[in-house]
Amino acid sequence: MEFITSSRGAPKLCFDSFTYTKKKSSKTTITWECSQRRTLECKGAVITDSPATEIRSSREHNHEKDDSHVGGLKVRKEIQLSVQANRGWPGQIIADKMFSQPVEVRVAAGTTETIKRGIRRKRAGDAPNNPEKLDAIPSPLPESYTHQLVYDNDSGSDRVLVSVRSQTGGLIFRRTQPRFEPATWNVNTATLNDEARTNNVCEAWNNGFRCLVGHVNPSLWTVISCFEKDAAMVEAEILRVQRGQPSKKPARKGTVRYQKTLKTLCQQLSNGQKTVEEFLQAIGGHIRLR
Ligand SMILES: [Zn+2]
């Protein structure tokens, strides 16, 4: 009997290229139902002894057996397992594991975004939840979070925390009038018209590829193997699109909210509700240092 642990920790029974999840167990038997019962409305099931060592009886599936589905689950499991040992970028880990798999398995393993979410969930582990409100941030900050902290005014209602990235370190603040009118800024119109945040459509790819390579001056051979890995991921995505299941990258909630704020501010500036100074003051409150 072969089992794969699902990303949420429950065992999945693999038998004859079908996968099953536990439905109920009695003292002597366990009933397992087809893990694709929801997506395919399949009534397939098996009954094993308890603990599961052999199949006692089975009910037929309404679909063909699918090796790539099982393969996909296994790859996902492998990725999950390697997350703890490997501190690399999620995109890098995924591409590494997927590269050697046939395209069908790559598609069945799920979209990169879904797998990344699993990796993040795994890594977040026991870390405390993100505070929802300013006064929920513990004071003083726990030791493990202060290594890049340069300033903390420790105020209950007006908490200001400043941290730096260790590599660059520098922080510069200044207050002057903008040299060019905000209306001429290159993202002003884009923000007002809900267009993309960047005018470089390749930026997402660039970013992903940079993370995949993982360092700044890779050798030619590293780059070539990364191109191959990237091509493998794209190939799976093309197949997904052909099957009418394109993966959609969800925008982060924070980004959506941020973009909405910027749009409101740009509108207020352009219809005269805000002066340039008020506008810049407001924009300044949304600068993220990271
Ligand atoms: Zn089934």
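Q: Which residues are buried in H8?
A: In this predicted model, the buried residues of H8 are Cys 226, Lys 229 and Ala 236.

Q: And what covers those buried residues of H8?
A: The cover includes H3, together with helix H4, which runs over 103-108, and helix H7, which runs over 203-213.

Q: How far apart are the end C-alpha atoms of H8, and what span should I expect?
A: Helix H8 takes in residues 220-242, which makes 23 residues, and at 1.5 Å a residue these should span 33 Å; the end C-alpha atoms are 33 Å apart, so the two figures agree.

Q: What follows H8?
A: H8 is followed by Gly 244, and the phi of that glycine is positive, near 75°.

Q: OK, moving to H3, how does it meet H7?
A: The axes of H3 and H7 come within 7 Å and cross at roughly 70°, and H3 is therefore roughly perpendicular to H7, since angles of 65 to 115 degrees count that way.

Q: Which residues make that contact?
A: On the H3 side they are Gly 91, Gln 92 and Ala 95, while H7 brings Gly 208, Cys 211 and Leu 212. Sorted by class, the contact of H3 with H7 has three nonpolar and three polar residues, and no charged ones.

Q: At what angle do H2 and H3 pack?
A: Helix H2, residues 67-85, packs with helix H3, residues 90-99, at an angle of about 135°, and their axes are 10 Å apart. The two helices are therefore oblique to each other, and H2 passes H3 in a right-handed crossing.

Q: Which residues of H2 and H3 make the contact?
A: H2 contributes Val 75, Glu 78, Ile 79, Ser 82 and Val 83, and H3 contributes Ile 93, Ile 94, Lys 97 and Met 98. These residues divide into six nonpolar, one polar and two charged.

Q: Why would residues three or four places apart in a helix point the same way?
A: An α-helix has 3.6 residues a turn, so residues with that spacing point the same way.

Q: How do H2 and H5 cross?
A: H5 is the helix of residues 112-124, and its axis and that of H2 come within 10 Å and cross at roughly 35°. The crossing of H2 and H5 is right-handed.

Q: Which residues meet there?
A: Arg 76, Ile 79, Gln 80 and Val 83 in H2 meet Ile 115, Gly 118, Ile 119, Lys 122 and Arg 123 in H5. The residues of this contact divide into four nonpolar, two polar and three charged.

Q: What about Gln 84, is that one buried or exposed?
A: Gln 84, which lies in helix H2, counts as exposed because it has 10 C-beta neighbours inside 10 Å, and the cut-off for exposed is 12 or fewer.

Q: How far are the C-alpha atoms of Gln 84 and Lys 122 from each other?
A: They are separated by 8.4 Å, although Gln 84 and Lys 122 are 38 residues apart along the chain.

Q: How far is Asp 194 from Lys 260?
A: Their C-alpha atoms are separated by 8.8 Å, and along the chain Asp 194 and Lys 260 are 66 residues apart.

Q: Last one, where is Ser 58?
A: Ser 58 is in strand S6, residues 55-59, and it is partly exposed, with 16 other C-beta atoms within 10 Å.

Q: What is Ser 58 in contact with?
A: Leaving aside its neighbours within four places in sequence, Ser 58 is in contact with Ala 45 and Val 46. As for Glu 33, its C-alpha atom and that of Ser 58 are separated by 9.6 Å, and these two residues are 25 residues apart along the chain.

Technical notes: Residues are numbered from 1 along each chain as its sequence is written. This is a predicted model: local features need pLDDT of at least 70, side-chain atom pairs count only at pLDDT 80 or more; totals for chains, interfaces and linings use all residues. Axes are lines fitted to C-alpha atoms, for helices over the stretch in contact, and angles run from 0 to 180 degrees between N-to-C directions. Helices (H or I, at least four residues) and strands (E, at least two) are DSSP runs, numbered from the N terminus. Angles under 35 degrees count as roughly parallel, over 145 as roughly antiparallel, 65 to 115 as roughly perpendicular and the rest as oblique. A crossing is left-handed if the near helix is turned anticlockwise from the far one by less than a right angle, and right-handed if clockwise. Two residues are in contact if their C-beta atoms, placed from the backbone, lie within 7 Å. Ala, Val, Leu, Ile, Met, Phe, Trp, Tyr, Cys and Pro count as nonpolar, Asp, Glu, Lys and Arg as charged, and the others, Gly among them, as polar. The expected span of a helix is 1.5 Å times one less than its number of residues. A residue is buried if 20 or more other C-beta atoms lie within 10 Å of its own, exposed if 12 or fewer, and partly exposed in between; C-beta atoms are placed from the backbone.
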